[in-house]
There are 2 protein chains.
Amino acid sequence: MTSDPIQTPRNSYRHGDLRGALLQAGLDMAREGGPDAVVLREATRRAGVSPNAAYRHFADRQALLHAVSNAALGMVADRIQVEVDAVATGPDPRADAHAQLRAVGEGYIAFAREDPGLFRAAFSVPDNLQNANDAAKAGEAGLTPFQQVGRALDALLAAGALTAERRQNAEFLAWSAVHGLGMLVIDGPLRGLDERMIRSATDRLLDMVERGI
Amino acid sequence: MTSDPIQTPRNSYRHGDLRGALLQAGLDMAREGGPDAVVLREATRRAGVSPNAAYRHFADRQALLHAVSNAALGMVADRIQVEVDAVATGPDPRADAHAQLRAVGEGYIAFAREDPGLFRAAFSVPDNLQNANDAAKAGEAGLTPFQQVGRALDALLAAGALTAERRQNAEFLAWSAVHGLGMLVIDGPLRGLDERMIRSATDRLLDMVERGI
DNA sequence: CTTAGAATGTGTACACTGTCCACAATGGCA
DNA sequence: TGCCATTGTGGACAGTGTACACATTCTAAG
């Protein structure tokens, strides 16, 4: 397969939105091959532009990868939001809060399974707590995945399902569990397990989080 | 720093143990730069041999990386074993079993923190359940990390601290939690947290596993 | 002990990558 | 209108993985 989307040859010297085009190309490449597959030159090729043009918008390959990572995290947030929004709220705020936290986990794992390449790309760039709430990593709702977990935990606290002490830094625990499962499912020992096994593992993992947080 | 270990220029045409030398070089590179830093040509350079010589021992770069990954997993196993062996056994087999499981987690996290590059390399190669017990991934005690978790869980079962039903596939849960924490600590949002924070997160995570498994 | 052939290492070559530098086209603003 | 900051181009270089043909050495069969 050649690298040729329908891409009109561009009639003006300027591209118009090269940065966006490169990012999109990067996302496409990451989707099919993970972080290692995002290649600067190939991105410029897909954008119909010379290799060096990329350097007007990204300091280097790593910077492009970083942008891809951020965008992918935004997609994770969107996928999570789908699950969260689908939660039917009932009369019991406690149950609602639990369901919300589970939904976050479900969305996270769903994204990892549906788009393993993007998932790996999302976490291929070293990060830290300061940047975890960077708006560039947010989904359409304006929240980063990390913040979504936080919201769900806040809801648990508000519903009285969690003491203030346990609430403290609980995102680390929930996040670790779900992130670990995601990694193991896409290219760890759990890879290739059938749907049923993975569903079961996910359910039990979320049980563990609920019970153990 | 140039790439020049004391490496005698080798007087015979044959190397003697080129495969081993390449693997060692790969491990060295992985240690300082993670999986992406393991470069075929550089490995041959360090072994004092021409680039193509590597192909007599590894099908391609990926094969070398795979070998590095396996060896690194063996080191994880060794690090875990140190913690497990350090557990003082008491009169209560139940408490002992719990302590053993915690030790596995502690060792895992310790390795990730002490050797993040090797840790990342260890999990950079797609794997699956069939291979999780491959002897090539085992440490000196002959167990792979995955098997070590299994042993600890078996001990919990034997001590009556876990029902047979809960024991089933419990490695997935424990592994996910610990693996996730490891990843987040070395280059996720938890990166750069101070010693105390990480200790606390580890302790609470292991609490969660004990309680929630 | 010789010698054929299997193992192992070398040399040359190619396509591809990231990135640097000097130059060209363009668009907006004084 | 004309200047100049922005954005894209062209050419170049070092470094990478890997293929192919060739050289050296070890080993085992006669």
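User: Leaving aside its neighbours within four places in sequence, with which residues is Lys137(A) in contact?

Analyst: This is a predicted model, in which local features need pLDDT of at least 70 and side-chain atom pairs count only at pLDDT 80 or more, while totals for chains, interfaces and linings use all residues. Residues are numbered from 1 along each chain as its sequence is written, chains are lettered from A and ligands numbered from 1 in the order in which they are written, and side-chain values use heavy atoms, with hydrogens and water left out. Contact means heavy atoms within 4.5 Å. Once the neighbours within four places in sequence are set aside, Lys137(A) is in contact with His66(A), Asn70(A), Leu73(A), Gly74(A), Asp127(A), Asn131(A), Ala132(A), Thr144(A) and Pro145(A).

User: Is Lys137(A) buried or exposed?

Analyst: Lys137(A) lies in the loop between α5 and α6 (145-158) of chain A. Buried means under 20% relative accessible area, exposed over 50%, and partly exposed in between (1.4 Å probe, protein chains only). With a relative accessible area of 4%, Lys137(A) is buried.

User: How many helices does chain A have?

Analyst: Helices (H or I, at least four residues) and strands (E, at least two) are DSSP runs, numbered from the N terminus. The C-alpha atoms of chain A fill a box of roughly 60 × 35 × 30 Å along the principal axes, and buried residues make up 49% of its 213 residues. Chain A has 0 strands, and its count of helices is 9.

User: Among contacts in chain A between residues at least 6 apart in sequence, what percentage join residues at least 24 apart?

Analyst: The contacts considered here are those in chain A between residues at least 6 apart in sequence. Of these, the share that join residues at least 24 apart is 70%.

User: Which residues of α1(A) are buried?

Analyst: Helix α1 (residues 18-33) of chain A has 16 residues and reaches 22 Å from its first C-alpha to its last, close to the 22 Å expected at 1.5 Å a residue; the expected span is 1.5 Å times one less than the number of residues. After α1(A) comes Gly34(A), whose phi is positive, near 75°. What covers the buried residues of α1(A) includes α2 (40-47), α3 (61-85) and α5 (116-122) of chain A. Those buried residues are Leu18(A), Leu22(A), Ala25(A), Gly26(A), Leu27(A), Met29(A) and Ala30(A).

User: With which residue does Arg79(A) form a salt bridge?

Analyst: A salt bridge is a side-chain nitrogen of Lys or Arg within 4 Å of a carboxyl oxygen of Asp or Glu. In this pair the closest N and O atoms are 3.0 Å apart, Arg79(A) being joined to Glu114(A). The pair links distant parts of the chain, 35 residues apart, with Arg79(A) in helix α3 and its partner in helix α4 (residues 93-114) of chain A.

User: How many residues apart are Glu106(A) and Arg199(A)?

Analyst: The side chains of Glu106(A) and Arg199(A) meet in a salt bridge of 3.3 Å, N to O. Glu106(A) counts as buried at 19% relative accessibility, whereas Arg199(A) counts as partly exposed at 36%. Glu106(A) is in helix α4 and Arg199(A) in helix α9 (residues 195-212) of chain A, so the pair links distant parts of the chain, and the separation is 93 residues.

User: How many residue pairs are in polar contact between chain B and chain A?

Analyst: Chain B brings 38 residues into contact with 38 residues of chain A. The two chains bury about 3300 Å² between them, 63% of it on carbon and sulfur atoms, buried area being the accessible area (1.4 Å probe) that two parts lose on being put together, summed over both. The count of salt bridges between them is 0. A polar contact is a pair of N or O atoms within 3.5 Å, where within protein one must be able to donate a hydrogen and the other to accept it, and residues adjacent in sequence count only if both atoms are side-chain atoms; with both residues at pLDDT 80 or more, the number of pairs is 12.

User: Which helix gives the most to the side of chain B that touches chain A?

Analyst: On that side of chain B, α7 (164-167), α8 (170-187) and α9 (195-212) each supply at least two residues. Among these helices, the one that gives the most, with 12 residues, is α8(B).
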